[in-house]
Amino acid sequence: SVLKLTAQLYPLKEGESMATYLDFDFGSGWTNVASADVVYPGWFSQYRIENWDNTQDVAYRVRHKAKAIYNESIYQGLIRHDPVEKDTVVMATLGCIGKNYQDDKVEMVAAIQDEDPDVIFFYGDQYYVNYQHSAAWLEFGRWAKELFRNRPAMVIMDDHDYSFGNLWGAGGVEAPSR
């Protein structure tokens, strides 16, 4: 009965709004239900909605208006109901996705969407970039956004996601450099 939603933003410029807004459409138009500060460092907002009715699908959108002269940035999707009517809940699991964070992942995303999983689980090494960490993280969000736009997603980090390849060693061999 608790909805948790995290919105990842691109880095904001000095003077831009440090707030986001969460709206729901229960069938009669958009209603603002909450606002959240943008957390720095990280450029994300987190929402926690108590007493959530998880028996229905609800359209959502997260809004950010950088400055009064700009249009709002809007990301919207669908919060799905808890699929208790199903005998089997389908989870797509992804990890160790690719050495080049700029690889085109369109076909992979389309194939996963065709399977229509109930939940997505990214279990680490979303990218293998031990430099330009922020750019790689944002690129992960760019290609994966259609996977978690309309279904719950869980993301955990592994060594490369922290920009430390083989943090725990490589077969017991001490790394020769950082």
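**Figure 1. Overview of the protein chain.** Of the 178 residues of the protein chain, 34% count as buried, where buried means under 20% relative accessible area, exposed over 50% and partly exposed in between, with a 1.4 Å probe and protein chains only. The model is predicted, so local features need pLDDT of at least 70 and side-chain atom pairs count only at pLDDT 80 or more, while totals for chains, interfaces and linings use all residues. Residues are numbered from 1 along each chain as its sequence is written, and side-chain values use heavy atoms, with hydrogens and water left out. The protein chain has two helices and nine strands; helices (H or I, at least four residues) and strands (E, at least two) are DSSP runs, numbered from the N terminus. From the N terminus on, the order of elements is β-β-β-β-β-β-β-α-β-α-β. Among contacts in the protein chain between residues at least 6 apart in sequence, 69% join residues at least 24 apart, contact meaning heavy atoms within 4.5 Å.

Figure 2. Four strands in the order 3-2-5-6 make an open sheet with antiparallel pairing; two strands pair if DSSP finds at least two bridges between them. Strand 3 (30–37) and strand 6 (73–79) are at the edges with a single partner strand each, so one side of each has no neighbour in the sheet. From one strand to the next, the twist averages 20°, with axes taken as lines fitted to C-alpha atoms, for helices over the stretch in contact, and angles running from 0 to 180 degrees between N-to-C directions. Strand 5 (residues 58–64) and strand 6 are joined in the antiparallel sense by seven bridges. The bridge partner of V58 in strand 6 is I79.

**Figure 3. Strand 2 and its partners.** Strand 2 is mostly covered, with five of its seven residues buried. Strand 2 runs antiparallel to strand 3, and seven bridges join the two; A19 has D37 as its bridge partner in strand 3. Strand 2 and strand 3 form a hairpin with four residues between them, and G27 in the turn has a positive phi of about 120°. Strand 2 is also antiparallel to strand 5, to which five bridges join it. Here the bridge partner of D25 in strand 5 is A59.

**Figure 4. Aromatic pairs.** The structure holds 10 aromatic pairs; rings of Phe, Tyr and Trp (its six-membered ring) pair if their centres lie within 6.5 Å, and planes under 30 degrees apart count as stacked, over 60 as edge-to-face and the rest as tilted. F24 and W52 form a tilted pair, 5.0 Å centre to centre with 55° between the planes. F24 lies in strand 2 (residues 19–25) and W52 in the loop between strand 4 (44–49) and strand 5, so the pair ties together parts that are 28 residues apart in sequence. F24 and W52 are both buried. A cluster linked by ring pairs contains F122, W137, F140, W143 and F148.

Figure 5. Three strands in the order 7-8-9 make an open sheet with parallel pairing. Strand 7 (91–94) and strand 9 (153–155) stand at the edges, each with a single partner strand, so one side of each lacks a neighbour in the sheet. The twist from one strand to the next averages 15°. Strand 8 (residues 119–122) pairs with strand 9 in the parallel sense over three bridges, and F121 stands opposite M154 in strand 9. Helix 2 packs on the sheet and touches strand 8 and strand 9; the direction of helix 2 makes about 160° with that of strand 8.

**Figure 6. Contact between helix 1 and helix 2.** The axes of helix 1 (residues 106–115) and helix 2 (residues 133–148) come within 9 Å and cross at roughly 10°. The two helices are therefore roughly parallel to each other; angles under 35 degrees count as roughly parallel, over 145 as roughly antiparallel, 65 to 115 as roughly perpendicular and the rest as oblique. Helix 1 contributes M108, V109, I112 and Q113 to the contact, and helix 2 contributes W143, E146 and L147. By class, the contact has five nonpolar, one polar and one charged residues; Ala, Val, Leu, Ile, Met, Phe, Trp, Tyr, Cys and Pro count as nonpolar, Asp, Glu, Lys and Arg as charged, and the others, Gly among them, as polar.

**Figure 7. Surroundings of D125.** D125 is in the loop between strand 8 and helix 2. With 5% relative accessibility, D125 counts as buried. Not counting residues up to four places away in sequence, D125 touches G95, C96, I97, D158, D159, H160 and D161.
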